[in-house]
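Here are my notes for you, written as numbered points. Have the structure open while you read, and find each residue as we get to it.

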Amino acid sequence: MSKTAASDAAATEVEGVVITSPDKVFFPQRGETKLDLVNYYVSVAEPLLRTMRGRPLLMERYPEGAGGKSFFQKRVPKSPPDWLETTTVSTPNGTTSEALVAADIRHVLWAVNIGCLGFHVWPVRAERPEVTDELRVDLDPSPGVDFPQLREAARLTRSLLAELGIEAYVKTTGSRGLHLYVALQPRWDGYQVRAAAVALARELERRHPEQITAQWWKEERGSRVFVDFNQNAPHKTVFGAWCVRPRVGAQVSTPISWEELASVEPDRLTIATVPGRPDPWEAMPERPQSIEPLLEMSRRDLENGLMDAPWPPVYPKMPNEPPRVAPSRAKK
């Protein structure tokens with residue numbers, strides 16, 4: 001029997017999607033296979049789709065499994081199934097492409113079958129791409145920052161948001177950081193949500209300058225937790241909740257309760273341990289929040305003479321943006 005015929009013979013169908021080479025090892029630490037990953041996503045389909053359904057996805061593909069060569073794919077490959085739902089998305093320079101939409105669990109499994117080991121999720125719905133309906137607070141550990149410092153930064157961020165009447169939810173990233181999410185009323189675009197994120201980062205730095213930084217340039221951060229406001233820039237994606245990281249241990253970016261934050265060990269949250277966990281984000285979609293308090297902070301900062309924060313280099317130059325050059329390289 002040829003290799004192709006053997007592969008076809010081994011194929012299996014899950015939720016109406018044909019899974020080829022189901023025994024292919026995707027995560028070598030424990031030997032978990034493509035089918036193990038498929039079964040994981042089926043087991044968490046309800047909470048996964050509660051946060052992801054209807055959103056465009058950027059696929060991170062590892063054809064040979066975690067640890068192998070990889071590439072990001074925004075465009076759905078040619079000749080997709082007739083039932084596959086896509087939507088047109090744009091890059092910062094205006095280039096468009098047809099991206100996969102998380103319409104149902106079949107769409108997720110279809111992507112897994114072509115080697116997708118990471119789903120990066122847009123903060124918009126395919127049906128209304130002009131509206132950003134999530135604020136994502138990315139707490140990024142600078143060199144020298146350990147997880148207890150991240151925990152404290154998350155608590156401080158939650159406290160500030162609560163002071164402003166904004167309810168936040170937390171998840172592990174599946175790697176070294178933490179993400180806080182805020183479900184938003186459908187009133188703002190990506191530029192406004194980024195402005196709110198910049199204001200939040202700056203206020204956190206003002207209140208906790210030894211622990212938290214809003215400095216975009218790495219040379220200015222020191223050993224502090226960086227609040228990566230640019231993860232909210234238009235056209236940016238963030239690694240999805242309940243999604244499996246392309247790490248050899250199959251770690252999951254897992255929603256956790258605020259009570260669990262004190263004891264959670266992110267590396268222990270894997271496709272082997274996450275199924276069956278309660279969903280601490282279950283109520284989040286039913287509680288959309290207002291970012292007007294953060295936008296008022298943003299307006300106050302600008303009125304007091306602060307410029308916009310730097311944008312990522314792939315974006316066009318923005319109004320009121322400072323020079324895009326590291327301070328150590330700026331002309332004296």
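This is a predicted model: local features need pLDDT of at least 70, side-chain atom pairs count only at pLDDT 80 or more; totals for chains, interfaces and linings use all residues.

1. Now look at the partner of Y315: with W311 it forms an aromatic pair, 5.4 Å centre to centre and with 55 degrees between the planes, which makes the pair tilted. W311 is buried too, at a relative accessible area of 4%.

2. While we're on rings, a search of the whole structure turns up nine aromatic pairs. One of them is W216 with F229: the ring centres are 6.0 Å apart and the planes sit at 45 degrees, so this pair is tilted. W216 lies in the loop between β15 and β16, while F229 lies in the loop between β16 and β17 (238-239), so the pair ties together parts that are 13 residues apart in sequence. W216 counts as buried at 19% relative accessibility, where the cut-off for buried is under 20%. F229 is buried as well, at 2%. Elsewhere, ring pairs link Y40, Y41 and F119 into a cluster.

3. Next, find helix α7, residues 292-303. With its twelve residues, α7 reaches 16 Å from first C-alpha to last, close to the 16 Å expected at 1.5 Å a residue. Which residues of α7 are buried? They are L294, L295, M297, S298 and D301. Look down the axis of α7 and you'll see these buried residues fall within an arc of 150 degrees, so they line one face of the helix. Here's some background for that: an α-helix has 3.6 residues a turn, so residues three or four places apart point the same way. The buried residues of α7 pack against β12 (134-141), α5 (147-163) and α6 (190-207). After α7 comes G305, and its phi is positive, near 100 degrees.

4. Helix α5 is worth a visit too. It has 17 residues and spans 24 Å from first C-alpha to last, close to the 24 Å expected at 1.5 Å a residue. Its buried residues are F147, L150, R151, A153, A154, L156, T157, L160 and L161. What covers them includes β12, β14 (178-183), α6, β15 (212-213), β16 (225-227) and α7. Just after α5, G165 takes a positive phi of about 80 degrees.

5. On to charges. Side chains of opposite charge can pair when their charged atoms come close. How many salt bridges does the structure hold? There are 25 salt bridges. Take R206 and D301, whose closest N and O atoms are 3.3 Å apart. This pair links distant parts of the chain, with R206 in helix α6 and D301 in helix α7, 95 residues apart. R206 is partly exposed, at 41% relative accessible area, whereas D301 is buried, at 6%.

6. Compare two other salt bridges. E265 pairs with R268, the closest N and O atoms being 2.8 Å apart; E265 is partly exposed at 46% and R268 is exposed at 58%. Salt bridges that share partners also join R55, R125, R128, D133, E134 and R136 into one network. Within it, the side chains of D133 and R125 meet at 3.0 Å, N to O, and D133 is buried, with a relative accessible area of 6%.

7. Last stop: L109, in helix α4 (residues 105-113). L109 is buried, with a relative accessible area of 0%. What does L109 touch, leaving aside its neighbours within four places in sequence? Its contacts are V14, E15, V17, I19, V38, Y41 and V42. As for F71, 38 residues from L109 along the chain, the two C-alpha atoms are separated by 18 Å.

Key: Residues are numbered from 1 along each chain as its sequence is written. Side-chain values use heavy atoms; hydrogens and water are left out. Helices (H or I, at least four residues) and strands (E, at least two) are DSSP runs, numbered from the N terminus. The expected span of a helix is 1.5 Å times one less than its number of residues. Buried means under 20% relative accessible area, exposed over 50%, partly exposed in between (1.4 Å probe, protein chains only). The arc is that of the directions from the helix axis to the C-beta atoms. Contact means heavy atoms within 4.5 Å. A salt bridge is a side-chain nitrogen of Lys or Arg within 4 Å of a carboxyl oxygen of Asp or Glu. Rings of Phe, Tyr and Trp (its six-membered ring) pair if their centres lie within 6.5 Å; planes under 30 degrees apart count as stacked, over 60 as edge-to-face and the rest as tilted.
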